[in-house]
Amino acid sequence: MAMGIRLAFALGVAAMIAAPVHAQQRSEQDMVFENRQQGRAMPLRVIEQRVVTQMRGYDYLGNPIYFERSNTYRMTFMRDGQVIRVEVDARSGRIRNRSDR
């Protein structure tokens, strides 16, 4: 019986810890969606196509990160073992900065 109570308690604690993470991810998705709807950001797939085309010879590692404050995406590439981070304007899809320059 005590084992069942411990298990229920552990599951309850795990659910409380996981809940804020899920809510935070959802709000980021909402934020990006709203920015797209209001014309402040291009669709991510369009941005990825543009930037990947400009970064010929580099391997795109995926998982871009969106920064609301600057309205940018950080995309990560690799070439010859070197990691390059590219900052992209979410509104225009233009590269603002690269870590290798």
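Here is a short tour of this predicted model, stop by stop.

Before you click: residues count from 1 along each chain as its sequence is written, and side-chain values use heavy atoms, without hydrogens or water. Since the model is predicted, local features need pLDDT of at least 70 and side-chain atom pairs count only at pLDDT 80 or more, while totals for chains, interfaces and linings use all residues.

**Stop 1: helix H2.** Select residues 44–54; helices are DSSP runs of H or I with at least four residues, strands are E runs of at least two, and both are numbered from the N terminus. Colour Ile47, Glu48 and Val51, the buried residues of H2 (buried is under 20% relative accessible area, exposed over 50%, partly exposed in between, with a 1.4 Å probe and protein chains only). Now look down the axis of H2: its buried residues fall within an arc of 100°, so they line one face (the arc uses directions from the helix axis to the C-beta atoms). Exposed Arg45 and Gln49 sit on the face turned away from that buried side.

**Stop 2: the core.** Next, pick Ile47, Val51, Met55, Phe77 and Val86, the residues with the most contacts inside the largest nonpolar core, which has 16 residues (a set of buried Ala, Val, Leu, Ile, Met, Phe, Trp, Tyr and Cys joined through side-chain atoms within 4.5 Å). H1 (2–37), H2, S3 and S4 each supply at least two of its residues.

**Stop 3: Met78.** Finish in S3 (residues 72–79), where Met78 has its place. Met78 counts as partly exposed because its relative accessibility is 30%.
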